[in-house]
Amino acid sequence: MSKVVTIVGQGYVGLPLAQEAVRAGWKVFGLDASELVVAKLNAGESHVDDLTDDDVKEMIENGYVATKDPSCIRDSDVSVICVPTPLGVAGAPDLGAVESATRSVGENLKQGSLVVLESTTYPGTTEDICIPILEAISGKRAGRDFYVSFSPERVNPGFPEYGIKNTPKLVGGLNEASTEKTVEFYSTFVDEVVPLSGVKEAETAKLLENTFRHVNIALVNEMARVCHELDIDIWEVIRGAATKPFGFMRFTPGAGVGGHCIPIDPNYLSYEVRRRLGYPLRFVELAQEINNTMPEYVVDRAAERLNSEQKAISSSTVLLLGVTYKPNIADQRESPSRPVATGLLKRGANVIFHDPFVSNWDLENGDKLDRVDNLDEALQKADLVVMLQAHSSYDVPALEANAKAFLDTTGRSLEAANRI
Ligand SMILES: NC(=O)c1ccc[n+]([C@@H]2O[C@H](COP(=O)([O-])OP(=O)(O)OC[C@H]3O[C@@H](n4cnc5c(N)ncnc54)[C@H](O)[C@@H]3O)[C@@H](O)[C@H]2O)c1
């Protein structure tokens with residue numbers, strides 16, 4: 001008889017995990033609080049970029065069931081929690097979904113089963129928040145009657161080169177037995193599972209990874225601004241530095257940081273450092289400050305670019321290309337293109353957009369921007385084209401050649417003067 005796993009939260013993280021577990025022969029329940037998500041999945045429709053409808057259909061053929069009913073946990077040998085961890089009031093971590101998912105697990109916990117938290121969160125969440133909930137509700141003892149680990153998710157939507165199978169998986173268990181059981185579970189479908197000494201180490205490793213990206217993006221964004229002032233081509237600088245085979249990692253400037261991880265996760269760390277130790281995690285706060293200024297910087301550069309064409313931003317049409325937070329996916333969460341559009345509108349520009357992945361685009365205040373379908377016509381209409389996300393379907397040199405004026409935030413433009 002195959003073993004049973006319930007994966008709580010069937011989003012960008014939980015659904016690809018469910019796919020790999022199904023492939024490895026697990027009986028998988030995809031538990032989700034959203035009726036719409038459950039209905040779509042059971043109808044064979046994918047709602048995340050990395051899986052196609054055919055992938056979901058194949059999962060169903062192999063026994064996958066999406067459900068809103070947590071009673072599936074009663075039969076599950078493993079429960080993995082992959083629910084959102086957004087920011088709440090005043091930028092504080094919002095663990096509402098983690099707490100409610102943990103309650104669902106606690107209410108249905110099977111003796112001897114394993115519970116793994118994958119959601120990104122601050123150190124201490126598994127032991128100080130999840131375990132007390134699980135123990136209080138189930139009446140069982142963690143580490144003895146059931147096992148608990150934290151294992152951070154490392155998915156990178158839109159980049160198929162590294163998926164769940166070939167990305168090493170970190171595991172931090174509450175005790176040795178928990179670590180062992182978790183390693184055993186993930187080893188059925190992940191090539192390399194790396195046990196760490198404890199739960200908090202695994203929680204913090206994830207935050208270090210994301211903070212590392214956040215800080216290095218901020219560094220290169222600041223370098224881009226300084227280089228522009230000094231009339232130095234930052235993209236050539238990066239191209240040169242990146243030839244060093246050791247001690248340097250290539251990061252590139254852009255319109256800001258977006259997505260579900262980089263703009264949010266380091267806050268979980270800095271919030272907890274301030275709360276527990278009473279002082280700021282300065283690198284994180286500085287990186288935040290720098291990265292948050294980038295959308296306005298792009299607006300300034302757009303105005304500068306129009307000025308060099310003797311045009312005022314207030315009487316210009318600006319076409320934004322690519323409004324998602326990274327290339328070749330539809331995910332718009334925390335995309336810096338929103339504050340860019342808002343900044344341009346504030347200065348009186350007529351803003352239109354094109355994105356092959358996005359049909360409707362709302363700004364923070366709910367305003368909708370006009371989407372253009374015909375790129376050639378839009379190029380004729382636009383006084384300035386701003387490339388925000390270089391989806392691979394965009395032929396950047398051709399777009400640049402046909403635009404009245406071009407500003408590229410992605411480093412693809414052939415003209416140094418057109419790049420931020
Ligand atoms: N998206 C990424 O690239 C990525 C990468 C690494 C880590 N993470 C982390 O993984 C976690 C999940 O992120 P995601 O991108 O998959 O989120 P998501 O929004 O794509 O999906 C989460 C799903 O959980 C469901 N859900 C919410 N509360 C629930 C509950 N109480 N019970 C059952 N289902 C519930 C939602 O309906 C949704 O379908 C977050 O902590 C995130 O920071 C995300």
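The structure is a predicted model, in which local features need pLDDT of at least 70, side-chain atom pairs count only at pLDDT 80 or more, and totals for chains, interfaces and linings use all residues. Residues are numbered from 1 along each chain as its sequence is written, and side-chain values use heavy atoms, with hydrogens and water left out.

The ligand is surrounded by 26 residues. A residue is near a molecule if one of its heavy atoms lies within 4 Å of it. The closest residues are V13, D32, T85, S100 and T120. By class, the shell divides into 13 nonpolar, 9 polar and 4 charged residues. Here Ala, Val, Leu, Ile, Met, Phe, Trp, Tyr, Cys and Pro count as nonpolar, Asp, Glu, Lys and Arg as charged, and the others, Gly among them, as polar. Helix α4 (residues 96-107) gives the most to this shell, with 3 residues. Helices (H or I, at least four residues) and strands (E, at least two) are DSSP runs, numbered from the N terminus. Two domains contribute to the shell: domain 1 (4-197) and domain 2 (213-418) each supply at least three residues. The domain bounds come from an automatic or database domain assignment.

A polar backbone atom of A33 lies 3.1 Å from a nitrogen atom of the ligand. For H260, an N or O atom of the side chain is 3.2 Å from a ligand oxygen atom. A ligand oxygen atom is also 3.3 Å from a polar side-chain atom of R333. On its own, the ligand has 830 Å² of accessible area, and the protein covers 88% of that area. Accessible areas come from the Shrake-Rupley method with a 1.4 Å probe; for residues, only the protein chains shown count as cover.

An open sheet of 5 strands runs in the order β11-β10-β9-β12-β13, with parallel pairing. Its edge strands are β11 (370-371) and β13, each of which pairs on one side only. Two strands pair if DSSP finds at least two bridges between them. Strands of a sheet pair through backbone hydrogen bonds, either parallel or antiparallel. Strand β10 (residues 350-354) and β11 pair in the parallel sense over 2 bridges. There, F353 has R371 of β11 as its bridge partner. Strand β9 (residues 317-321) and β12 form 4 bridges, also in the parallel sense. L320 stands opposite V386 in β12. Parallel pairing of β12 with strand β13 (residues 406-408) spans 3 bridges. Here V385 has F406 of β13 as its bridge partner. Along strand β12 (residues 384-387), L384 and V386 point one way, V385 and M387 point the other way, and all are buried. Buried means under 20% relative accessible area, exposed over 50%, and partly exposed in between (1.4 Å probe, protein chains only).

Most residues other than glycine have a negative phi. D231 has a positive phi, near 60 degrees, and is not a glycine. This residue, D231, lies in the loop between α7 (199-229) and α8 (234-241). D231 is exposed, at 73% relative accessible area. Q310 also has a positive phi, about 60 degrees, without being a glycine. The loop between α10 (282-307) and β9 holds Q310. Q310 is exposed, with a relative accessible area of 72%.

Three further residues complete the picture. Q10 sits in the loop between β1 (4-8) and α1 (14-23). Q10 is buried, with a relative accessible area of 0%. A polar side-chain atom of Q10 lies 3.4 Å from the backbone oxygen of I7. I137 belongs to helix α5 (residues 125-138). At 35% relative accessibility, I137 is partly exposed. From R103, I137 is 34 residues away in sequence and 7.2 Å away in space, C-alpha to C-alpha. G198 is in the loop between β8 (193-195) and α7. G198 counts as buried, at 8% relative accessibility. G198 and F150 are separated by 48 residues in sequence and by 8.8 Å in space, C-alpha to C-alpha.

How values were computed
A polar contact is a pair of N or O atoms within 3.5 Å; within protein, one must be able to donate a hydrogen and the other to accept it, and residues adjacent in sequence count only if both atoms are side-chain atoms.
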